[in-house]
Amino acid sequence: MKWKPGRIPDAVLFVIFIISVAFFVAVLLSESPRKAPYFDEKLKASQIMDRAMALIKEERLKLGIPIDPINDPNGTGLIGHQFSPITSERGDLEEKLTSTNPNMAALMVKYLEKLKLKKGDVVAVGWTGSYPGLNLALLSALHSMEIEPIIITSLSSSMWGANDPQLTWLDMERIVQSVLPYRSAAASIGGKDDIGRGLSPQGIELLKEAIERNGVLFLYEEDISKNVEKRLAIYRDKAAGKPIRAYVNIGYGRASLGPLEAIEYIRPGVNRRIKKELFQWKSVAIEMLKDKIPVLNIVDIRMAAARNGLPVAPVPLPRPGEGKLCLLYTSDAADELDGVDLGGR
């Protein structure tokens, strides 16, 4: 018997057409812009960061520190020098440029939300002068969510960070007080072993002068274990009996995060459990994990930006609230924080 192709009835074709159109419309509607979770906090944080950046730029120009149009094409004033007496190590310019996007503050809100932090909670913060953009982004997010930080700064900076002796991170903190009312509780020199090893005597003196002129407690301890214990004591004292709900690390400070070998075991993102390999070292992040306090480790920011719809080294800078991080719901995969690379040196 020979098979003969038959004609599909017009009614069936019409039903198939209607179903196809319905699916097409459903897809279009699903792609329409919608407010992301914590939209109000994200937008507010981005706007605060934008204002803080403007204050720093204004002060930089008053100090007569030129802005490099080649290496800081958006004229933010947050990009430092390639070399200076207080430069501690190499740095990636593209990552520094990425961190100056005011919508990085919205990304920080997302990270803090993953920690389930609430208004009035206390978090401990450890960072360096290497990423002033990320520091501002975190402070803006904390302010937007009304979370209280206790900050310890390792003051020296890698290339392209807050590495001008007249405009260190502590100076920037002071400059933005009108919009971000937070100051470091203490500051160390930073650099290798957190005591300026690798810096010139001139560089170390310049950092000490910056700590003194900003009225911040000088933290110096050659033994890294004692350094970490002093930091922990400062956090406990400033918390004044309140529980520390999380520890946030930005960058690669030795006392804050640990030696290079330990970084493999404190992954970018939220860490809630300590790995057995970490017990051989001492750092604030490791001690916090021992006490079952979650650690948010913000490193490899280029990957974090790409995964969250933020441009890498954008020119020009996006406006506050611009992009899918604020306007669109993201998939579960994009929202996942644990194990995501967040920023570099």
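The model is a predicted one.

Start with the whole chain. The protein has 345 residues, and 52% of them count as buried. Now take the contacts between residues at least 6 apart in sequence. Of these, 81% join residues at least 24 apart.

Helix H2 covers residues 39-62, and helix H4 covers residues 104-114. Their axes lie 7 Å apart, at an angle of about 140 degrees. H2 is therefore oblique to H4, because an angle has to be over 145 degrees to count as roughly antiparallel. The crossing of the two helices is right-handed. Which residues meet there? H2 brings Glu 41, Lys 42, Ala 45, Ser 46 and Met 49. H4 brings Ala 105, Ala 106, Val 109 and Lys 110.

Now turn to the aromatic rings. The whole structure holds 4 aromatic pairs. One of them joins Phe 218 and Tyr 220. Their ring centres are 6.0 Å apart, and their planes stand at 40 degrees. Why is this pair tilted? Planes under 30 degrees apart count as stacked and those over 60 as edge-to-face, so the rest are tilted. At 40 degrees, the pair of Phe 218 and Tyr 220 is therefore tilted.

Are these two residues buried or exposed? Buried means under 20% relative accessible area, and exposed means over 50%. Phe 218 has 35% relative accessibility, so Phe 218 counts as partly exposed. Tyr 220 has 32%, so Tyr 220 is partly exposed too.

Another pair joins Tyr 235 and Tyr 247. The centres of these rings are 5.9 Å apart, with 70 degrees between the planes. That pair is edge-to-face. Where do the two residues sit? Tyr 235 belongs to helix H8, residues 224-239. Tyr 247 belongs to strand S5, residues 244-250. Tyr 235 has a relative accessible area of 0%, so Tyr 235 is buried. Tyr 247 also has 0%, and is buried.

One more ring deserves a look. Tyr 131 has a charge over its ring: the charged end of Lys 96. That end lies 4.9 Å from the ring centre.

Note on methods:
Residues are numbered from 1 along each chain as its sequence is written. This is a predicted model: local features need pLDDT of at least 70, side-chain atom pairs count only at pLDDT 80 or more; totals for chains, interfaces and linings use all residues. Side-chain values use heavy atoms; hydrogens and water are left out. Rings of Phe, Tyr and Trp (its six-membered ring) pair if their centres lie within 6.5 Å; planes under 30 degrees apart count as stacked, over 60 as edge-to-face and the rest as tilted. Buried means under 20% relative accessible area, exposed over 50%, partly exposed in between (1.4 Å probe, protein chains only). Helices (H or I, at least four residues) and strands (E, at least two) are DSSP runs, numbered from the N terminus. A charge sits over a ring if NZ of Lys or CZ of Arg is within 6 Å of the ring centre and within 35 degrees of the ring normal. Axes are lines fitted to C-alpha atoms, for helices over the stretch in contact, and angles run from 0 to 180 degrees between N-to-C directions. Angles under 35 degrees count as roughly parallel, over 145 as roughly antiparallel, 65 to 115 as roughly perpendicular and the rest as oblique. A crossing is left-handed if the near helix is turned anticlockwise from the far one by less than a right angle, and right-handed if clockwise. Contact means heavy atoms within 4.5 Å.
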